[in-house]
Amino acid sequence: MGRYFAIRIGRAALTIVLVVTFAFVVLRLSGDPALMILGPEAPPEVLAAFRKAWGLDDPIWFQYLDYFGAIAKGELGRSMRDGRPAIELVLERIPATLALTLPAFFFKVALGVPAGIYAALHRGSAIDRAVMMTAVAGFTVPSFVLALLLVLVFAVQLGWLPSGGQDSWRHAILPIATLSLGGAAVLARFTRSAMLEVLGQPYIRTASAKGVPWRRVVTSHALPNAAIPTVTILGFMVGTLIAGAVVVESVFAWPGVGRLLVVAVANRDLAVVQCILLLVAMTMVTSNLIVDFLYGFLDPRLRSKGAHA
Amino acid sequence: MPQLVSIAGLSVAFSGVPVLRGVDLTLEKGEALGLVGESGSGKSVTWLGALGLLPRHAQVSGSVRLEGREILGASAAELDRVRGGRIAMIFQDPASALNPVLTIRKQLCEALALHRDLQGNAVKAEARRLLDLVGIPDAARRLEAYPHEFSGGQVQRIMIAMALAGNPDLLIADEPTTALDATIQAQILELLSTVRRELGMAMVLISHDLGVVAENCDRVAVMYAGRIVEQAPSNQLFADPVHPYAQGLIGALPPLDGPRRRLVAIPGTVPDPAHMPSGCAFAPRCTLAAEPCGLAAPSLAPIAADRSVACIRAEASRRALLGVAAE
């Protein structure tokens with residue numbers, strides 16, 4: 001068990017290093033922050049001074065080592081726009097993002113999992129087909145289209161809800177709905193297929209053959225097995241809590257981490273972008289670790305494999 | 001002996017395609033019946049259908065009586081009492097027949113709690129006794145293990161223990177040894193016949209292995225394409241099969257003594273259930289088939305006190321076997 005996790009933690013750390021490296025290289029190859037922030041009309045000596053001040057004219061490998069040295073000391077750099085520590089800028093946006101993604105996560109699970117289970121148990125019924133159609137729609141319609149559709153109906157046509165901003169809880173309803181519907185659809189499809197797979201297994205027939213009532217077959221024999229693949233997709237969803245709302249925040253003018261990321265990328269505000277990506281990589285990796293741990297908890301076969309490995 | 005189960009006209013169709021086409025079968029208390037036939041002949045479907053264990057899209061019709069009481073189409077609650085409590089079933093692939101995420105104790109005690117009036121510690125004690133009975137050593141500790149921690153043969157033993165948990169009158173063993181090594185096969189069959197003798201339980205042994213059936217069963221029913229084509233006491237069937245298909249099956253067995261001879265295969269293949277030949281389903285492969293065979297499917301008719309066969313050429317077939325010129 002200990003080794004099972006040691007290997008996974010090592011892999012997680014490697015993943016974070018790779019993500020940060022990739023972001024570092026791509027950002028530096030894709031545009032000059034000095035030009036982006038100061039504008040093309042800025043005099044050359046001002047641009048040169050800016051580059052020198054931020055170390056942008058050093059060789060890239062030097063900048064890279066410098067960057068990792070700073071991270072090791074816990075420094076994530078400063079925003080090139082206003083000079084504030086990048087981490088501060090990011091942290092102050094996190095509550096706004098969580099205000100959308102946490103309720104959305106709750107609704108995804110509360111809607112998606114029961115819908116998937118119900119559809120699997122009533123395979124081929126009208127409700128199954130309705131759930132699956134909704135799920136495919138939710139799966140294929142991009143979130144910005146869904147967001148605009150919701151705005152069109154509930155803000156423009158009906159006038160019930162505001163179309164953007166962050167002034168009251170009512171402003172959060174449409175963004176949360178947009179995030180929830182898509183996620184619930186994915187989860188419903190996933191849960192349904194996991195459930196169908198499990199219901200076709202011989203041990204389900206064994207349970208019925210020994211006289212276990214159907215309801216109990218579902219709750220104590222099928223669900224614990226179907227939970228194993230479903231946890232994978234749930235883990236992925238936890239991983240997107242911090243930065244999974246980039247599109248939705250942009251559409252609804254919600255001042256969260258996602259919008260900060262869009263603005264920072266556009267401005268090549270390197271430290272801020274890197275700080276966000278580091279945070280995203282860390283949440284992703286952490287949620288994957290939690291999923292691995294849950295696997296061990298849910299599936300005794302993995303537990304003993306880990307112990308013997 | 002009184003009849004335990006009587007099946008009459010049992011038919012099963014999957015999405016309109018008939019796979020079981022009117023099976024009549026009776027079983028006496030304590031009797032061991034072998035059910036043989038090729039894959040797809042309907043051996044397992046007969047019992048899965050009788051116990052309501054087929055998927056919902058299967059259409060099941062006919063009659064299945066347990067001590068005179070109709071169980072086909074009975075309420076879910078009544079079926080749950082029959083399954084495991086009166087009629088238990090074990091399956092072919094032990095590796096996937098137990099729930100991988102539940103301990104043996106949970107799965108065994110679940111069956112005990114459902115069918116026996118036991119409480120608390122008595123349940124666990126009984127679970128230990130059952131594991132002892134089927135020959136799992138160190139039962140107390142092994143109860144806490146998961147299915148993947150046992151070998152295939154051990155899991156089949158646990159399946160048998162679980163089937164015995166409800167004190168059933170009948171055990172359906174659906175190819176119980178097919179997935180196991182030859183040495184383990186013999187042990188499991190030995191175990192089955194021991195517990196059957198000790199508990200006075202009836203057994204249906206579903207198998208395509210004629211040797212297994214001959215050794216373990218009082219009576220044999222041969223199935224072909226969703227029907228029973230011949231029924232006889234084991235020794236008589238093997239000594240003197242009447243239906244040409246039964247003859248073919250037995251002719252395909254290698255002899256233990258005497259000179260080596262070429263094994264005779266039955267020509268052709270099992271008909272596709274969606275395109276059954278009219279008349280006798282075996283006629284297209286039968287060397288004795290005559291014109292009337294294609295007209296109507298023969299019904300199972302008695303040819304002796306305890307034997308019946310579904311073949312209009314039964315007499316000719318018998319003479320052919322005895323080496324007498326046909327007609």
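Colleague: Why are helix 8 of chain A and helix 10 of chain A called roughly antiparallel to each other?

Modeller: Helix 8 (residues 170-199) of chain A and helix 10 (residues 214-239) of chain A pack at an angle of about 150°. Angles under 35 degrees count as roughly parallel, over 145 as roughly antiparallel, 65 to 115 as roughly perpendicular and the rest as oblique, and this pair is therefore roughly antiparallel. Their axes are 8 Å apart, an axis being a line fitted to C-alpha atoms, for helices over the stretch in contact, with angles running from 0 to 180 degrees between N-to-C directions. Please keep in mind that this is a predicted model, in which local features need pLDDT of at least 70, side-chain atom pairs count only at pLDDT 80 or more, and totals for chains, interfaces and linings use all residues. Residues are numbered from 1 along each chain as its sequence is written, while chains are lettered from A and ligands numbered from 1 in the order in which they are written.

Colleague: Which residues make the contact between helix 8 of chain A and helix 10 of chain A?

Modeller: Helix 8 of chain A contributes, among them, G183(A), F190(A) and L199(A), and helix 10 of chain A contributes residues including A222(A), P229(A) and M237(A). Two residues are in contact if their C-beta atoms, placed from the backbone, lie within 7 Å. By class, this contact has 12 nonpolar, four polar and no charged residues; Ala, Val, Leu, Ile, Met, Phe, Trp, Tyr, Cys and Pro count as nonpolar, Asp, Glu, Lys and Arg as charged, and the others, Gly among them, as polar.

Colleague: How many helices and strands are there in chain A?

Modeller: Chain A has 14 helices and zero strands. Helices (H or I, at least four residues) and strands (E, at least two) are DSSP runs, numbered from the N terminus.

Colleague: What makes you say that helix 3 of chain A lies largely in the open?

Modeller: A residue is buried if 20 or more other C-beta atoms lie within 10 Å of its own, exposed if 12 or fewer, and partly exposed in between, with C-beta atoms placed from the backbone. Of the 10 residues of helix 3 (residues 44-53) of chain A, zero are buried, so this helix lies largely in the open. Just after helix 3 of chain A, G55(A) takes a positive phi of about 75°.

Colleague: And why is A155(A) called partly exposed?

Modeller: A155(A), in helix 7 (residues 143-157) of chain A, has 16 other C-beta atoms within 10 Å, so it falls in the partly exposed class. Not counting residues up to four places away in sequence, A155(A) touches L161(A), P162(A) and S163(A).

Colleague: Where do the two chains meet, and which element of chain A gives the most?

Modeller: The contact takes 21 residues from chain A and 27 residues from chain B. Helix 9 (202-209), helix 10 and helix 14 (300-308) of chain A each give two or more residues, and helix 9 of chain A gives the most, with seven residues. The side of chain A that touches chain B divides into 10 nonpolar, seven polar and four charged residues.
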